[in-house]
Amino acid sequence: MLEVCPTIASGKPTIEIHPLGIGGKEDPVRLVFNAGFGPATNASLVDMGDRFRLLVNEVVAEEVPAMPKLPVARAVWTCEPDTLTACEAWILAGGAHHTAFSRALNAEIWEDFADIAGIELVFIGAGTTIRGLKQDLRSNDVYYRLAQGFA
């Protein structure tokens, strides 16, 4: 049902069957657990048409409140630098709604991956401002267009 890696779990995941209620299919088997808390990242790979953009947001995973009627893997986080700025930056950068959430990968590792893969990296973290992000997006666009002409 959900593609969630149990390595983010704070405890031992359980395997449960709960009614799906849509699609006319059998009830699925699900991994049910709460994610641990602490520093984490959300990343999304976006097809920009002429290049790929890796969008990474630093987040802080919080303690998951009791949610007994939500039988899935659960994670709750606070975005850096704050929710409003992070969401606006995410939308401006073309961020997708499917992300990779990780408590093991930090910004430096994502940056190394982007360098190795030769893809654009847009980072949203504690020091992000909308003005700065817009300038970064403009600069990145110029850089990647020029780089295509020299390839």
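**View 1. The residue after helix α2 in the predicted model**. In this predicted model, helix α2 is followed by G118, a residue whose phi is positive, near 70°.

**View 2. The buried and exposed faces of helix α2**. Within α2, which spans residues 107-117, the buried residues are A107, W110 and A114. These three lie on the same side of α2 because the arc they cover around the axis is only 65°. An α-helix has 3.6 residues a turn, so residues three or four places apart point the same way.

**View 3. The packing of helix α2 against strands**. The buried residues of α2 pack against β3 (38-47) and β4 (52-62), and also against β7 (100-102) and β8 (120-124).

**View 4. Strand β2 and its pairing with β1 and β5**. Strand β2, made up of residues 29-34, pairs in the antiparallel sense with strand β1, residues 14-17, over four bridges, and the bridge partner in β2 of E16 is R30. Strand β2 is also joined to strand β5, residues 73-74, by two bridges, and here the strands run parallel; in this pairing, N34 has R74 of β5 as its bridge partner.

Definitions and conventions
Residues numbered from 1 in each chain as written. Predicted model: local features only at pLDDT ≥ 70, side-chain atom pairs only at ≥ 80, totals over all residues. Heavy atoms only, no water. Buried < 20%, exposed > 50% of the residue type's maximum accessible area, 1.4 Å probe, protein only. Arc of directions from axis to C-beta. Contact = heavy atoms within 4.5 Å. Pairing = 2+ DSSP bridges.
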